[in-house]
Amino acid sequence: MAKGDGLILLFDVDDTLLDFAKSERRAITHTLKTFGIEPTEELISAYSQINLACWKLIEDNKITRKQLDRMRFDILNERFAIEGKDSVAMGACYRKELSEASYVIRGCRALLAELSRTDRLFIVTNGAEPTQLKRLKKAGIDGFFEDIFYSESIGFSKPYREFFDYVAAHVQDWDAARAVLIGDSQTSDIAGANNAGITSVWFNRRNEKIGGVKPDFTVKNYGGLKAVLSRLRTKLAK
Ligand SMILES: [Mg+2]
């Protein structure tokens with residue numbers, strides 16, 4: 001099958017291709033230690049919750065990425081009465097370490113190698129450009145993608161329609177009927193695909209409950225994903 005007859009796959013990065021929880025744990029542990037704070041389970045898990053809540057603000061375009069970097073530590077330090085630490089410096093330390101921390105989800109490279117034979121692969125991410133690029137390179141998977149779309153450079157985050165309009169305008173020979181978004185986030189990926197009117201595959205490897213969005217397909221692992229994509233390819237060929 002020629003690539004032009006295949007699918008246009010738009011992949012989210014974190015928790016779709018890379019194991020974000022593992023990277024986050026490494027980066028926050030390192031940051032706390034660097035600033036002389038004992039990295040307890042309580043602190044690590046609180047940071048993870050704060051991070052998630054702050055990312056929702058990014059999705060809603062309510063804060064900038066720069067504000068995000070410091071805000072996460074402002075909240076953590078206040079909640080745990082950690083005094084005399086510079087949130088801006090902690091944010092910078094965390095971001096630097098995060099860009100070094102890159103772990104693929106098991107089977108990711110083989111999946112991308114296989115799909116890249118029939119389909120065209122792209123990245124759509126709300127992550128910061130230098131951090132994400134470094135992590136993709138480090139994971140050895142950047143070469144599979146024809147292009148990488150960062151919300152920060154576009155000026156709109158997933159799930160905004162404008163983000164996907166930009167992607168559609170910048171993918172050569174864009175064909176909405178062939179486009180499939182694959183992501184783990186209901187609020188940014190699936191809602192985004194719904195807004196943009198493109199097929200969505202919800203990568204739900206942690207058995208989350210669905211709420212408020214309608215993925216076209218739900219898969220729990222890469223095997224399930226391959227089966228769905230194969231069905232879509234067959235449907236297109238008819
Ligand atoms: Mg994700």
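**Close-up views of the predicted model**

**View 1. Surroundings of Ile-182.** Leaving aside neighbours within four places in sequence, Ile-182 is in contact (C-beta atoms, placed from the backbone, within 7 Å) with Leu-9, Leu-10, Phe-11, Asp-12, Thr-16, Val-201, Phe-203 and Leu-225. The model is predicted: local features need pLDDT of at least 70, side-chain atom pairs count only at pLDDT 80 or more, and totals for chains, interfaces and linings use all residues. Residues are numbered from 1 along each chain as its sequence is written.

**View 2. The largest nonpolar core.** This core has 42 residues, and those with the most contacts inside it include Phe-122, Val-180 and Ile-182. A nonpolar core is a set of buried Ala, Val, Leu, Ile, Met, Phe, Trp, Tyr and Cys residues joined through C-beta atoms within 7 Å; buried denotes 20 or more other C-beta atoms within 10 Å of a residue's own. Among the elements that each supply at least two residues are β1 (8–11), β4 (179–183) and α10 (222–237).

**View 3. Packing of α4 with α6.** Helices α4 (residues 87–100) and α6 (residues 129–138) pack at about 25 degrees, with their axes 7 Å apart. The two helices are therefore roughly parallel (angles under 35 degrees). Arg-95, Leu-98 and Ser-99 of α4 meet Pro-130, Thr-131, Lys-134 and Arg-135 of α6 in this contact.

**View 4. Helix α9.** Of the 11 residues of α9, 8 are buried, so this helix is largely enclosed by the rest of the structure. Its buried residues, among them Ile-190 and Ala-193, pack against α2 (41–59), α8, β4 and β5.

How values were computed: A residue is buried if 20 or more other C-beta atoms lie within 10 Å of its own, exposed if 12 or fewer, and partly exposed in between; C-beta atoms are placed from the backbone. Helices (H or I, at least four residues) and strands (E, at least two) are DSSP runs, numbered from the N terminus. Two residues are in contact if their C-beta atoms, placed from the backbone, lie within 7 Å. Axes are lines fitted to C-alpha atoms, for helices over the stretch in contact, and angles run from 0 to 180 degrees between N-to-C directions. Angles under 35 degrees count as roughly parallel, over 145 as roughly antiparallel, 65 to 115 as roughly perpendicular and the rest as oblique.
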